[in-house]
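Hi,

Here's the structure I promised to pass along. Have a look at it first, and then read my notes below.

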Amino acid sequence: MVPLSWYLMFAAALFSIGLFGVLTRRNAIAILLGVELMLNAVNINLVAFWRYSDVMAMAGQVFAVIVFAVAAAEVSVGLALVISVYRRRNTVVADELDMLKW
Amino acid sequence: MTAQQIIFMIVAAYTIGSGLMVVTTRNLVHAALWLVSTLFGVAVAYALLNANFIAVVQVVVYIGAIAILFIFAVMLTRKDMRDSGPQMNKNWWAGALVAVLVFAGLAFLLSGWSGFRNIAAELPAEFDAIGLLGEALTSPEAFVLPFEVASVLLLAALVGAVYVAFNPRSDKK
Amino acid sequence: MSFWNDPLKVAADWLEGLLTGWGLDAVFAHVLVAFLGVFLLIALLMVLDIFLVWIERKVVARFQDRVGPNRVGPFGLIQPFADIIKLIIKEDTTPGGADKVVYNLAPILSMMSVLILWAVVPLAPVMLGVDLNVGVLFLIAAGAIGTLSIIMAGWSSNNKFAMIGAFRQVAVMVSFEIPMLTMLMIPTIYAGSMSMNTIIQAQDPIPFFILSPLGALIFLIAAIAELGRAPFDLAEGESELVSGFNIEYSGMKFGMFYAGELLHAFTFGGFWMILFFGGYRFFGLEQVSPFLAILILIIKAMIGYWVIMWVKYTMMRIRIDQMLGFNWKFLTPLAFALLLVTALMNALLAGAPTWLYVLGMLLANVVTGWVALEIARSVTRKERMQVEGVKNPVEAHH
Amino acid sequence: MNEWLYIALFIVVGLIIPIGAIAAGFIFGPKKPNPIKESTYECGIEAVGDAWIQFKAQYYIFALVFLVFDVEAVFLFPWAVKTGQLGLYVVIEGIIFVSILVVGLVYTWRKGMLEWV
């Protein structure tokens, strides 16, 4: 059997990769791709904890399904914002969206 | 190593490799396609965890809808899809450092936890995960409120996204 | 247990015994035998697929008052093989500006998305395929990979027609997936399970198309749109987009898209029969032998496929705005209304005798469909009057 | 676990067969590429620029509405499995759930976002 630690390490690695993408990418859509990786890492943890504790308690799976809804909401609004910004400023590079800085 | 461990290792390596491609590829459509590959790997991980419903939903929602939305968005925000200029900001090494530190910190914290090396129990016979999930989502003692709130969340996302992206007044033309 | 009653198990046991007798590990032998079984099923499907080309051509010829292929072999039966040889020995050109890896991956994924659908098809009472407890959703998951392959093909070809075709096709596919998902919930509600086999078992006395004729109809419409066949074949739109997303493909890669489409249509004919017409069931005949059950399923799937072809060669192509408007303004609200009515009637009639249950469900379906049609008719009449500025369009013609 | 093994086998075989078919075409087909053959097909006219251009926002709207209803369906499937056994109360929950989302569809419709312009 695969011990729980493997799944947790796997999820942590995926989370770190997503974090790296969020921190370093210049394109706003690429940043959202990184956020997706992080959300998936969280979901792996939730499902793994469900499987490795009491399987009759469905809380882990319910939370995972709710994370799907959150991810969908995040993506739809996030990408809508990116498209809206693109139409006004003609760029999706996050560094150049600095209007609020001064 | 048992067969299951080998399968897990292959799946994890494949998923993490695809994940690395997502954050490093220059072409954004390729990055989105690598994301699909990563998400498929995660779906296989769910299947290994006996979460059939979550695994299939992962493919339906992420690959069938979210990835398509990403590809559409990439094509909507590029007059010229060939990416010019660097794709990472100049502090990428700091980002890499933070990511490695976060991974090390998580690994350190988790390894100190008592349940870290737990082994999963066998699934009970006649285990009906979807029935249990349906009961959990609709029972007032369990998660009926999150169930309805999810609907409100999706409504808010739909209305907000439609308003933000396509409000006629927000167009500069 | 004899070969006649359970051929798959007998053959698998024999092979496994043989392999372990040769000194192979038991688990490995099991996996190898399963692999061979899957390979056999898919190979048979590909052979069937070749004959589907012939069937489709013969049927369309009859619809158009022609004879169809009749030169190569008896009734032109060898014609599809000649076509395949032609596809194999054709030069495989790749457009210069294409994204090579994605371009080559797309037809493979397209075919694969159709083939894996057969994993969840129950062929006979003893041959359930993979009796997944999320079988119904598996259908949509495989469809998601198909959608992805189309957008990959359109994008990587670096051709404007391919791109527009792919975008339109994907917009239509994702739109019609909502009524389809909703209609998949109706057998789920009746059977209380998402497993294909349980759904077939639950249709023991009464198939679901009697309980929910409207549901079966909406599922068929959504399936045809999902397949991208006429009247929803605007992605191909020869007159405007030349061939749509597969314009730059030639040789066997094009063949994969073409064969995939035909097999997909046949498969969805089969799923239509499984979900609403009882699958391999036919008045107890399926209990006689698995061979008979498979034959029944194939005949039923052929009937479903014939209906899909009938629609294709009767209807004309509709425009994309009409198509999406039809889906989002009519089909999706109707599908949701039907789902809620079904769930409500199912709860209200929970303790009722069977005849009352069936009658109630049937009535609920008819009423829902009728109300939807009446609303659509009055709204469109109002719109038409606004556009034409005429009070009574019928009298105006006199 | 076992059942996913069969799905994996289907995926593997489903990849092998089309790859084999395409490889057969690659082996037996002639290979005489030239620049004209490799040019992008545009009904005989020389293609101007590549196809990786900007597309209109309408496609995004349909994908967006689809995503929201797709996730909604995910929530409804476990509900649909159990609704026959748990009685009227659960059905009403489902009705509320769907009604809330239909408001979103009506909003999108009223904003004219479902029109193909």
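C:L211 counts as buried because it has 25 C-beta neighbours inside 10 Å, where 20 or more is enough for that label. Keep in mind that this is a predicted model. C:L211 sits in helix α8 of chain C, which covers residues 208-211.

Who does C:L211 touch? Leaving aside residues up to four places away in sequence, the contacts are C:Y190, C:I206, C:V358, C:M361 and C:L362. There is also C:Y357, 146 residues away along the chain, whose C-alpha atom is 8.5 Å from that of C:L211.

Now for the chains and how they meet. Five pairs of chains are in contact, and the pair sharing the most contacts is A and B. On the chain A side, 60 residues are involved, and they meet 73 residues of chain B. Three helices of chain A, namely α1 (4-24), α2 (28-52) and α3 (59-89), each supply at least two residues of the side that touches chain B. The largest share comes from α3(A), with 21 residues. If you sort that side of chain A by class, you get 43 nonpolar, 10 polar and seven charged residues.

What about chains A and C? They do not touch, and their nearest C-alpha atoms are 15 Å apart.

If you open it up, I'd start with C:L211 in helix α8 of chain C and then move over to where chain A meets chain B.

Cheers

Methods. Residues are numbered from 1 along each chain as its sequence is written. Chains are lettered from A and ligands numbered from 1 in the order in which they are written. This is a predicted model: local features need pLDDT of at least 70, side-chain atom pairs count only at pLDDT 80 or more; totals for chains, interfaces and linings use all residues. Two residues are in contact if their C-beta atoms, placed from the backbone, lie within 7 Å. Helices (H or I, at least four residues) and strands (E, at least two) are DSSP runs, numbered from the N terminus. Ala, Val, Leu, Ile, Met, Phe, Trp, Tyr, Cys and Pro count as nonpolar, Asp, Glu, Lys and Arg as charged, and the others, Gly among them, as polar. A residue is buried if 20 or more other C-beta atoms lie within 10 Å of its own, exposed if 12 or fewer, and partly exposed in between; C-beta atoms are placed from the backbone.
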